[in-house]
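Reader: Could we go through this structure together, one topic at a time? I would like the cut-offs stated as we go.

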Amino acid sequence: MNQSVLAGLGNLLSDEVLWRARIDPRTPARHLDADAVRTLHGAMRRTLRTSVRAERAPRG
């Protein structure tokens, strides 16, 4: 993920979000369709919610 867009979101969390969304990390954002963006947004929300609750990056 572009850190200039999502400042503060570390590489570990970025990788986890993309893995949960089933999006190849090499895919440019401009190539994502509306469904992929919705999926990415949902994965980001779930991953961050889990991380905040656990006070760390999610395991697994």
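Author: Let us start with a charged pair: Asp24 forms a salt bridge with Arg26, and their closest N and O atoms are 2.8 Å apart. The term salt bridge means a side-chain nitrogen of Lys or Arg within 4 Å of a carboxyl oxygen of Asp or Glu.

Reader: Before we continue, what kind of model is this?

Author: This is a predicted model, in which local features need pLDDT of at least 70 and side-chain atom pairs count only at pLDDT 80 or more, while totals for chains, interfaces and linings use all residues. Residues are numbered from 1 along each chain as its sequence is written, and side-chain values use heavy atoms, with hydrogens and water left out.

Reader: Back to the pair. Is Asp24 buried, partly exposed or exposed? And Arg26?

Author: Asp24 is partly exposed, with a relative accessible area of 33%, whereas Arg26 is exposed at 71%. Buried means under 20% relative accessible area, exposed means over 50%, and partly exposed lies in between, with a 1.4 Å probe and protein chains only.

Reader: How many salt bridges are there by this rule?

Author: The count comes to three. Another one joins Arg20 to Glu16, again with the closest N and O atoms 2.8 Å apart. Asp35 also forms one with Arg38, where the closest N and O atoms are 2.3 Å apart.

Reader: Why can such side chains pair?

Author: Side chains of opposite charge can pair when their charged atoms come close.

Reader: And where do Arg20 and Glu16 sit relative to each other?

Author: Because they are four residues apart in helix H1, Arg20 and Glu16 are separated by about one helical turn. An α-helix has 3.6 residues a turn, so residues three or four places apart point the same way. Arg20 is partly exposed, with a relative accessible area of 25%, and Glu16 is buried at 12%.

Reader: Where do Asp35 and Arg38 lie?

Author: Both lie in helix H2, three residues apart, which is about one turn of the helix. Asp35 is partly exposed, with a relative accessible area of 48%, while Arg38 is exposed at 54%.

Reader: You keep mentioning helices. How many helices and strands does the protein have?

Author: It has two helices and zero strands. Helices (H or I, at least four residues) and strands (E, at least two) are DSSP runs, numbered from the N terminus. Helix H1 covers residues 11-21, and helix H2 covers residues 34-54.

Reader: Which residues of H1 are buried, and what do they pack against?

Author: Leu13, Ser14, Glu16, Val17, Leu18 and Ala21 are buried in H1. The buried residues of H1 pack against H2.

Reader: Which residue follows H1?

Author: H1 is followed by Arg22, which lies in the loop between H1 and H2. Arg22 has a positive phi of about 60° although it is not a glycine. Arg22 is exposed, with a relative accessible area of 63%.

Reader: And Ile23, buried or exposed?

Author: Ile23 is buried, with a relative accessible area of 13%, and is found in the loop between H1 and H2. Not counting residues up to four places away in sequence, Ile23 touches Leu18, Leu32, Ala36 and Leu40. Contact here means heavy atoms within 4.5 Å. The C-alpha atoms of Ile23 and Val37, 14 residues apart in sequence, are 9.9 Å apart in space.

Reader: What about Thr47: where is it placed?

Author: Thr47 is in helix H2 and is buried, with a relative accessible area of 0%. Thr47 and Arg20 are 27 residues apart along the chain, and their C-alpha atoms are separated by 8.2 Å.

Reader: Let us turn to the whole protein. What share of the residues counts as buried?

Author: Of the 60 residues, 28% count as buried. Among contacts with a separation of 6 or more, 45% are accounted for by residues 24 or more positions apart.

Reader: Last topic: which residues gather in a patch of positive charge on the surface?

Author: Arg45, Arg46, Arg49 and Arg53 gather there. Patches are made of residues with over 30% relative accessible area and no salt bridge, with like charges joined within 9 Å and nonpolar side chains (Val, Leu, Ile, Met, Phe, Trp, Tyr) within 5 Å. Lys and Arg count as positive and Asp and Glu as negative, while His and the chain ends are not counted. The place of a charge is taken as NZ of Lys, CZ of Arg, CG of Asp or CD of Glu. Arg45 is found in helix H2 and is partly exposed, with a relative accessible area of 46%.

How values were computed: Areas by Shrake-Rupley, 256 points an atom, 1.4 Å probe, with all protein chains shown as cover.
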